Amino acid sequence: MAADEMLNEFLIECNESLNQLDNDLVIFEEDPSSQEILASIFRTFHTIKGSSGFLALNKLETISHKGENLLSLIRENKIAVDRDIINVLFLLVDAIREIILNLSNKGTEGENNYEVLLQKLEQLQASEKDVPAKIMAPKNDEGAILEKVDALKENVENLSGITDTKIRVDVSTLDSLMNLVGELVLARNRIMQFKVSEDTAYLSSTHKLNLVTSELQTVIMKTRLQEINNIWSKFHRMVRDLAVAKKKSVNLVLEGKETELDRTIIEAINDPLVHLVRNSIDHGIETPAQRRKNGKPPMGTLRLSAFHEGGQVNIEIFDDGAGIDPEKIKEKAISKGIISIEKAAQLSPQESINLIFKSGFSTAKTVTNISGRGVGMDIVKTNIEKIGGSIEIHSKPGENSFVRIKIPLTLAIVPALIVSSGIQKYAIPQLNLLELVRLELDDNKTQIEMVHNAPVFRLRGKLLQIIYLDRIFREGSGKNGTHQLNGNKKTLNIVVLKSGNHEFGLVVDEVHNTQDIVVKSLGKKLKNINYFSGATILGDGAIALILDILGIGHNNNIISDVLHKDDSGAKTKSNIQKLNVEKQTLLLISDLMDNQMAIPLNTVARLEEFLCSKIEISGNKAFIQYRNKILPLIVLSNVFIEDELKKEPPEKFLENKETLKVVVVKLKSGKSFGIIVDKIIDILETEIIDKGPAPRKGVLYTFVMKKHITEMIDFDNIVNKVESQLIAIGTN
Amino acid sequence: MEGGHQYCTFYLDKTFFGIQVDRVQEIIRFQEMAIVPMSPDIVKGLINLRGQIITGIDLRKCLDFNTEYANKKPMNVIVKSGAEAFSLLVDRIGDVLDLSEDLRENKPDTLSGKVRDLISDVYKLENKLLLVLDIDKIIDL
């Protein structure tokens, strides 16, 4: 048992040493003269050799011993460092890693005898004599011995330093600690509810308990955080190997190594990051010759940076390579049948770049073993979205490319909305939440309508598919009595949810509060229900299941393009249409002549109703004192009548009326004016696809909305007119 | 064979069952359960055991007992299977019994249905039989 433990300790230590070795070797390759790095490499080999001898791991001992010998020759300047030697050292590290892996998986050192490697080592050591003594001035022995003693001393100091401040803790211990703290928080909450005593001693001690618990919770949370450097440190070696293999020269810059992330997230982003880094080197950075031709420094830069921003962690991957050519992406997408030629022609460069996130896309002209398997960025995107993150790519063709990943700090605690259906409470991650709609069912307002048997709701003019949480749960489980349909509900709560590109409304019985929940996984008997992504314990100790919005969407056929890849072409098409035609939010009005017109909502400052008695008329124009300013009021139909005399006098509009409805418009220039309207019809979000010609000046185009021809108002034109008329009046 | 013959016992209706005591983590009184819609039949719900969320297994469903006569407030026998803990819902808890090997019999060959797989041994006690359950098989149902 004790031997097992020792072996385990050794394996963990070795793993760390190997990562250290990789990094040291990369630095050493760049600067072979650095005695400090060499000493560090030597020490690591020496430690591995010592421990493996002690644990009777013969192969490991032989290999590390040979390595140590080679290194000591280098230290004594008896052989010169060249590419060969560095490569052999890397191979040595790989061999040690393989043995360690075998030891931890199978408990043996494995079958490989590493004869080739050992021979190579022998050869290199034999080449000792070839080095001309003149170039390598031999050090005297005394110096070498002193240095060794120094190294040993340093070793001892390092060791004692480590034991003083750090200990190894099993992750499961941390997890259970976290559970216990969660439980303590609940117990505290219950105690805080007892306001039995006004005794100051009691109050101050509960207050203290409150503080300590909160602090304890924060500290425990912190223990689970790890520096991103834990995965980044491996990139030195990876980048070096890739660069050598692709005959490129890459300078890896790491910024914000100390940025901390929850360990579960660190694990989850490792693969996507590796993929992106590989992409950068494989497809991004050009060969030195090519770079020179393009007027760039021969060495490419790959920069990884991480930083906290607004409760999230940003990770950026930048390379100054060839960038992404939107045209090439389009060609590729067309040839892969991802989009049609017509659609492709309408895409903006950024939209084209985003095509690489579509499944079945791989930009590598040839499939290499470094990157590009046909699965690519879409997997990266899915993996990042799985942990609640997002990814975007930008590129200046020929100059650089830039990927930004945003991920939450921790998966263990997420903000969520608590809702209930029947007697049971559920948590909906905020990430999926768009808005809450509450419908009063007793009046004549918009209701849930049916498309055959599918309930839908008109949300600002768009049909939103509706899922009743109680119904799906009642039908799906034979467990009666918990989800009775309440027949005469007065109100209906719709939670509008978003998952990927899809939106749907989920009807729940009640909407409670939002709170930060601690996510706990479900047991193996419940893992397969894709309606839930986990469970959490609420403040009162009750359990709430966390709804898996993606799963619910899938099960109700709302989100289908991920599951059914076959129809992805059709889906993509409609997505691209959406990309192409920008959505606009419009205010629909009818003017005094009963024409239906649309005003972009972003220009509308307020909707007002003025008393007619407040409106002042001056020189055939109407004005009102509005917020200490003079607001000109215009009648749309009048603006474009050139002849002043043909215009209807404003008095006419005030006849028989007590109030006037006015849309106060504020333009980008900061100018405001009021448009007199007869009726405000609706506010809706829409895509205008068929544009008709403009029937008169001041109108951009016409389109059909709610069965009526609608005129889109051209504000630039109107402003010019109104202003020139005002000035004209002024000069008259 | 020391600990292997100690059994934690309990009842469903009048039938007497046992589980190897070293598989039992603890026994707790009735807990409010959170119902999990869409879950398999044998899952009754989830309980909160000091911050740990544990799946409650409806033993009556597993063993084809009539669920109508179930104790409305069943006891929880928390058992370990693999790395996970489960709660078996039972009517009443009995003593921990130390049983000698000569009381043990193989299960009768005439035992049929899915229950056959779930019972591993039978012990002859003075006035009744103790049926020993195989927890892992129950949980894998």
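Buried means under 20% relative accessible area, exposed means over 50%, and partly exposed lies in between (1.4 Å probe, protein chains only). These legends describe a predicted model, in which local features need pLDDT of at least 70, side-chain atom pairs count only at pLDDT 80 or more, and totals for chains, interfaces and linings use all residues. Residues are numbered from 1 along each chain as its sequence is written, chains are lettered from A and ligands numbered from 1 in the order in which they are written, and side-chain values use heavy atoms, with hydrogens and water left out.

**View 1. Arg237(A) pairs with Asp94(A) in a salt bridge.** A salt bridge is a side-chain nitrogen of Lys or Arg within 4 Å of a carboxyl oxygen of Asp or Glu. Here the N to O distance is 2.9 Å. Arg237(A) sits in helix α10 and Asp94(A) in helix α4 (residues 83–105) of chain A, so the bridge ties together parts 143 residues apart in sequence. Helices (H or I, at least four residues) and strands (E, at least two) are DSSP runs, numbered from the N terminus. Arg237(A) is buried, at 7% relative accessible area. Asp94(A) is partly exposed, at 30%.

**View 2. Arg240(A) meets Glu29(A) in a salt bridge.** N and O are 2.8 Å apart. Arg240(A) belongs to helix α10 (residues 235–245) of chain A, and Glu29(A) to helix α1 (residues 2–30) of chain A; 211 residues separate them. Both residues are buried.

**View 3. Shared partners build a salt-bridge network.** It joins Asp22(A), Glu29(A), Asp94(A), Arg97(A), Arg237(A), Arg240(A) and Asp241(A). Over all chains, the count is 25 salt bridges.

**View 4. Helix α10(A) has several buried residues.** Among them are Phe235(A), Met238(A), Val239(A) and Leu242(A). An α-helix has 3.6 residues a turn, so residues three or four places apart point the same way. After α10(A) comes Lys247(A), with a positive phi near 55 degrees.

**View 5. Asp140(B) forms a salt bridge with Lys524(A).** The closest N and O atoms are 3.7 Å apart. Asp140(B) lies in the segment after α3 (135–139) of chain B and Lys524(A) in the loop between β16 (510–518) and β17 (532–537) of chain A, so the pair joins two chains. Asp140(B) is exposed at 56% relative accessibility, while Lys524(A) is partly exposed at 40%.

**View 6. Chain B contacts chain A.** Contact means heavy atoms within 4.5 Å. Chain B gives 24 residues and chain A gives 27 residues. Across this interface, the rule finds 1 salt bridge. On chain B, β4 (43–49), β5 (52–58) and β7 (84–90) each supply at least two residues of the side that touches chain A.
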